[in-house]
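Dear colleague,

I am handing over the structure below for your review. Please keep it open while you read the notes that come after it.

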Amino acid sequence: MTLVLGIDSSTQSTKALLVDAATGEVVEERRAAHPDGTEVDPRSWLAAVDEAAGPLLERAEAVAVGGQQHGMVLLDGAGEVVRPALLWNDTRSAPQAAALIEEQGGAGASVGELGSLLVASFTSSKLRWVRDEEPEAAERARSVLLPHDYVSLHLAAPGTEPFTDRGDASGTGYYSTAAEAWRPELAEAAIGRSLDLPRLPGAPQEAMARTAGGAVIAAGTGDNMGASLGLSLGPGDVSISIGTSGVCAMVSDVRPDDPSGTVTGFADATGRFLPMTTTINASRILEAGRALLGVTHEQLSALALASVPGAHGVSLLPYFEGERTPNRPDARGTITGLTTSTTREDLARAYVEALLCSLADGVAALEQVTGVSPARVTLIGGGARSRAVQELAPAVLGRPVTLAPDGEYVALGAARQAAWALAGTDEPPAWELGGACTLEAEATPEVLDAYRALKERTEGWG
């Protein structure tokens, strides 16, 4: 049996999967925690990967790393860390993102070059923040890596030059999806000095390095691109991840172009693109409903399923913490249609339907930008475990939905990439997603119509 190792270096932890390269079957799994915070010493990730993946590495013939996108790892001329890494969820650089967009000629010009509208999460905005707030650190910096690059380099034999992939690179703000190349002058403009950037593969399946023990190291990729690989998504397929945030991602042969910033036009790890929409409020909507009604999540599902489509006229706009899709950062939740006859069941139903409607809007934005109707929709994430979500998702989305089994899909995608680099074939190995099931229900378009009417009426409220 040929074994490959897939690693997910996420915000919270490192997960390592030892996988059968032929079938995708997970043979062994290990994990190690990361420190909390929006800026951390990236060397803690190396300790975690040594703990989680170290005991598995000698059994693998190839390895790849999927990692949290956007994070900024600055190194000096000796390859030492200049300052703690700023992570994707560190928003202090929002003013710098706005300034960079203006310098690039506005939103249209920025998206036309980069594929996405710059926001605070992107690496280039963090480089500008360092230039503005920590000029001594900016002066010491000689190179910048993404989190997955830094971990991949740690696994490589001494003397290996840093490397990355186009998928993760497309979230930096200095990689052009139009030219399919680095734009080093954009990184230099951001921090005020030239920086060395990691090398890119000539093909997605290129073996970029080897470990000290001789195992092949693939290019690795960002976490969303890794999950797409792990789910074996093809062109036109959409994944909906219901975690703290909600992420809708479509594999596309079409390069996205959305100056509004609603759809981010990332590249993927296969040579295609991965347009995405993200909501701030996802599983927290279910948590808010549970807390309001004083029930467990199982009881919330039972209450919701005891009501009817449309919750007897109750509609919820679930922008409790503001929202990103649509861009309403100062909005708050709005509920309408309450009467003296409104029941706890109706309220529970409204919360679940609101979650699904917000995600349906994300899928609709992907359709509009790409011009492609989803071929298949796959549901993943903690919120997908809700029985009410499972039963109502195909009704609200108006299409069958594939429910993926629980799994570490970023690490599994990294393992699939490792197997691909080992094989050197034109396409990744075909791995079956065992345990998936298809959810079907009669469509309830009136639910989404009522949600969108409420969204339209409240535009401008915040």
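The notes below go through the findings by topic.

The model is a predicted one, in which local features need pLDDT of at least 70 and side-chain atom pairs count only at pLDDT 80 or more, while totals for chains, interfaces and linings use all residues. Residues are numbered from 1 along each chain as its sequence is written, and side-chain values use heavy atoms, with hydrogens and water left out.

Helices and strands are DSSP runs numbered from the N terminus, with at least four residues of H or I for a helix and at least two of E for a strand. Burial follows relative accessible area with a 1.4 Å probe and protein chains only: under 20% is buried, over 50% is exposed, and values in between are partly exposed. Strand 20 covers residues 376–380, and because four of these five residues are buried, the strand is largely enclosed by the rest of the structure.

Strands are taken to pair if DSSP finds at least two bridges between them. Strand 14 (residues 237–242) runs parallel to strand 20 and is joined to it by five bridges. In this pairing, Ser239 stands opposite Thr378 of strand 20. Strand 20 also pairs with strand 21 (residues 401–403), again in the parallel sense, over two bridges. Here Leu379 faces Leu403 of strand 21 as its opposite residue.

**Helix 5**

Helix 5 spans residues 123–133, and since eight of its 11 residues are buried, this helix is largely enclosed by the rest of the structure. The buried residues are Thr123, Ser124, Ser125, Lys126, Leu127, Arg128, Trp129 and Val130. These buried residues pack against several elements, including strand 6, strand 7, helix 3 (94–103) and helix 9 (184–191); a contact requires heavy atoms within 4.5 Å. Trp129 also has Arg92 over its face, at 4.7 Å from the ring centre. For such a placement, NZ of Lys or CZ of Arg must be within 6 Å of the ring centre and within 35 degrees of the ring normal. A further case is Arg166, whose charged end sits over the ring of Phe273, 5.2 Å from its centre.

**Aromatic pairs**

Rings of Phe, Tyr and Trp (its six-membered ring) pair if their centres lie within 6.5 Å; planes under 30 degrees apart count as stacked, over 60 as edge-to-face and the rest as tilted. The count by this rule is four aromatic pairs. Ring pairs join Tyr174, Tyr175 and Trp182 into a cluster.

**Cysteines**

With a disulfide defined as a pair of cysteine sulfur atoms within 2.5 Å, a search of the whole structure finds zero disulfides. Cys248 is in no disulfide, and its nearest cysteine sulfur, that of Cys357, is 12 Å away. Cys248 is buried, because its relative accessibility is 2%. Cys357 is likewise buried, at 1% relative accessibility.

**Individual residues**

Ser228 belongs to helix 10 (residues 223–230) and is buried, with a relative accessible area of 7%. Leaving aside residues up to four places away in sequence, Ser228 touches Leu233, Val251 and Leu274.

Gly77 lies in the loop between strand 6 (73–75) and strand 7 (85–86) and counts as exposed, at 69% relative accessibility. With residues up to four places away in sequence not counted, Gly77 is in contact with Arg140 and Arg142.

**Backbone geometry**

Which peptide bond is cis, with omega near 5°? The bond from Thr325 to Pro326 is cis, and Pro326 is found in the loop between strand 18 (315–317) and strand 19 (334–336).

His70 is not a glycine, yet has a positive phi of about 75°. This residue sits in the loop between strand 5 (62–67) and strand 6, and His70 is buried, with a relative accessible area of 8%. Ala311, also a residue other than glycine, has a positive phi near 50°. Ala311 lies in the loop between helix 12 (297–306) and strand 18 and is buried, at 0% relative accessible area.

With kind regards
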